[in-house]
Amino acid sequence: MNDVISRGREAVNPTAFSRRGFLARTSYFGALYATARLFPMSALAGELAGDSRVSQTPIVDKGFASVRKIGDGLYATISDPSKGYQTICNGGFLVGKDSALMIEGFGSAAGAAFQMDALRMVSQVPVKGALDTHYHFDHSMGNGFYSGNGIPLWAHANTAKRIVETYGAMQGVDKAVALGPLEKTVKDSKTELARKHREENLAMVTVVFNIANATVLALPNHPIDPAKLPMKMDLGGLTAVIESYPGHSGTDIVVRVPEQNVVYTGDLAIHGVRLEANFEDVRFVGQGHGLCARTRIGLWPGRSCALPRAFRRHRRASAEDAQSGSAGGRGC
Ligand SMILES: [Zn+2]
């Protein structure tokens with residue numbers, strides 16, 4: 001933890017930028033990219049065919065993302081980054097009689113605007129707020145859309161700080177200085193397999209670097225103190241329950257709709273393959289599109305939502321990860 005804080009202090013001071021610090025913050029992208037490939041590519045229609053709540057026809061599909069109804073007033077935004085980096089992660093929105101809640105800031109302001117346009121296709125209720133499930137770039141780089149439109153933005157209390165420390169620190173840094181060491185590791189690869197992995201890692205870090213440098217960062221202005229959760233948000237006939245769990249990024253928030261057994265998990269539900277087993281009775285919307293496979297919307301069958309039990313197990317797994325040094329800065 002002290003190491004993280006000291007790295008953060010270093011990072012907010014551009015003159016103190018160091019290659020070592022940058023690589024420490026970005027080297028995990030390769031690992032997560034490899035993990036993403038473990039998830040099987042599966043047809044969205046096939047996954048959803050068994051759940052009558054999920055509309056088989058999207059209300060809008062722009063290639064890089066589509067939006068589907070998944071419940072009463074509940075919508076899922078499912079990304080396909082192979083078609084563009086506008087949204088990157090999955091998200092969604094909740095629409096009550098009085099107001100709506102937007103989930104995720106996505107990878108760009110264009111991504112957040114896309115989701116807002118989708119909301120306006122189905123409802124004209126005012127937007128009560130938007131929420132970043134955590135600080136990672138694919139969930140927060142589009143925050144400027146919300147701030148530019150005067151929409152309150154909610155997130156875990158540490159999210160703003162982590163955005164600045166991680167992505168603010170990349171801004172204005174010479175690209176050759178930032179990426180040179182990774183390019184060198186590619187050149188120095190001793191096997192074709194190592195070269196392939198390092199190239200993938202370099203490609204991913206380059207994407208993050210470019211996005212961070214192309215973005216005017218906007219920070220959440222409604223910090224959520226995890227000690228005060230759960231928090232209920234009444235949208236008018238639809239109640240969202242906001243909860244926080246440790247595991248993926250240290251800033252993770254989930255949005256649950258208990259009456260409909262639906263949860264917008266952010267990236268918590270994908271933190272390692274072990275967790276996947278804890279969700280064996282859950283259908284996930286939006287599985288299988290590369291990086292965005294990490295962000296899930298869970299649909300529980302039956303009458304009770306198994307989330308607390310699943311996350312209790314998750315907490316134990318995370319503690320084990322922390323002890324073995326493998327937990328922490330996942331990139332997206
Ligand atoms: Zn993430």
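**Strand pairing, cores and backbone geometry in a predicted model**

Val60 stands opposite Val67 in β2. The pair belongs to a predicted model. Strand β1 (residues 60-61) runs antiparallel to β2, and two bridges join them. The hairpin of β1 and β2 has three residues between the strands. In this hairpin, Gly63 takes a positive phi near 90 degrees.

Strand β2 also pairs with β3. That pairing is antiparallel and extends over six bridges. Here Ala65 stands opposite Ser79 in β3. Two residues lie between β2 and β3, which form a hairpin. Gly73, in the turn, has a positive phi of about 80 degrees. Strand β2 (residues 65-71) is largely enclosed by the rest of the structure, because six of its seven residues are buried.

The protein as a whole can now be described. Its secondary structure comes to twelve helices and 14 strands. Of its 332 residues, 45% count as buried. Among contacts between residues at least 6 apart in sequence, 63% join residues at least 24 apart.

The mean pLDDT is 75, and 65% of the residues reach 70 or more. Over residues 271-281 the pLDDT is below 50. Beyond near neighbours in sequence, that stretch has 17 contacts in the model. The pLDDT is also below 50 over residues 287-295, a stretch with 39 contacts in the model beyond near neighbours in sequence.

The largest nonpolar core holds 46 residues. Phe93, Leu94, Ala100, Leu101, Met102 and Leu131 touch the most other members. Helix α5 (residues 109-122) supplies the largest share of this core, five residues. Another core, of 18 residues, lies apart from the largest one. Its members include Met141, Ile163, Val205 and Ala212.

Helix α8 (residues 159-166) is mostly covered, with six of its eight residues buried. These are Thr159, Ala160, Arg162, Ile163, Glu165 and Thr166. In α10, the buried residues are Asn201, Leu202, Met204, Val205, Val208, Phe209 and Ala212. Helix α10 (residues 192-214) has 23 residues, so at 1.5 Å a residue it should span 33 Å. Its end C-alpha atoms are 32 Å apart, which agrees.

Most residues other than glycine have a negative phi, and most peptide bonds are trans. Ile88 has a positive phi of about 65 degrees, although it is not a glycine. Ile88 lies in the loop between β3 (74-79) and β4 (91-95). Ile88 counts as buried because 32 C-beta neighbours lie inside 10 Å. Phe106 is another residue other than glycine with a positive phi, near 60 degrees. The place of Phe106 is in the loop between β5 (100-103) and α5. Phe106 is buried, with 33 other C-beta atoms within 10 Å. The peptide bond from Leu229 to Pro230 is cis, and its omega is near 5 degrees. Pro230 sits in the loop between β8 (222-224) and β9 (231-234).

Methods. Residues are numbered from 1 along each chain as its sequence is written. This is a predicted model: local features need pLDDT of at least 70, side-chain atom pairs count only at pLDDT 80 or more; totals for chains, interfaces and linings use all residues. pLDDT is the predictor's confidence in each residue, from 0 to 100. Two residues are in contact if their C-beta atoms, placed from the backbone, lie within 7 Å. Helices (H or I, at least four residues) and strands (E, at least two) are DSSP runs, numbered from the N terminus. A residue is buried if 20 or more other C-beta atoms lie within 10 Å of its own, exposed if 12 or fewer, and partly exposed in between; C-beta atoms are placed from the backbone. The expected span of a helix is 1.5 Å times one less than its number of residues. A nonpolar core is a set of buried Ala, Val, Leu, Ile, Met, Phe, Trp, Tyr and Cys residues joined through C-beta atoms within 7 Å. Two strands pair if DSSP finds at least two bridges between them.
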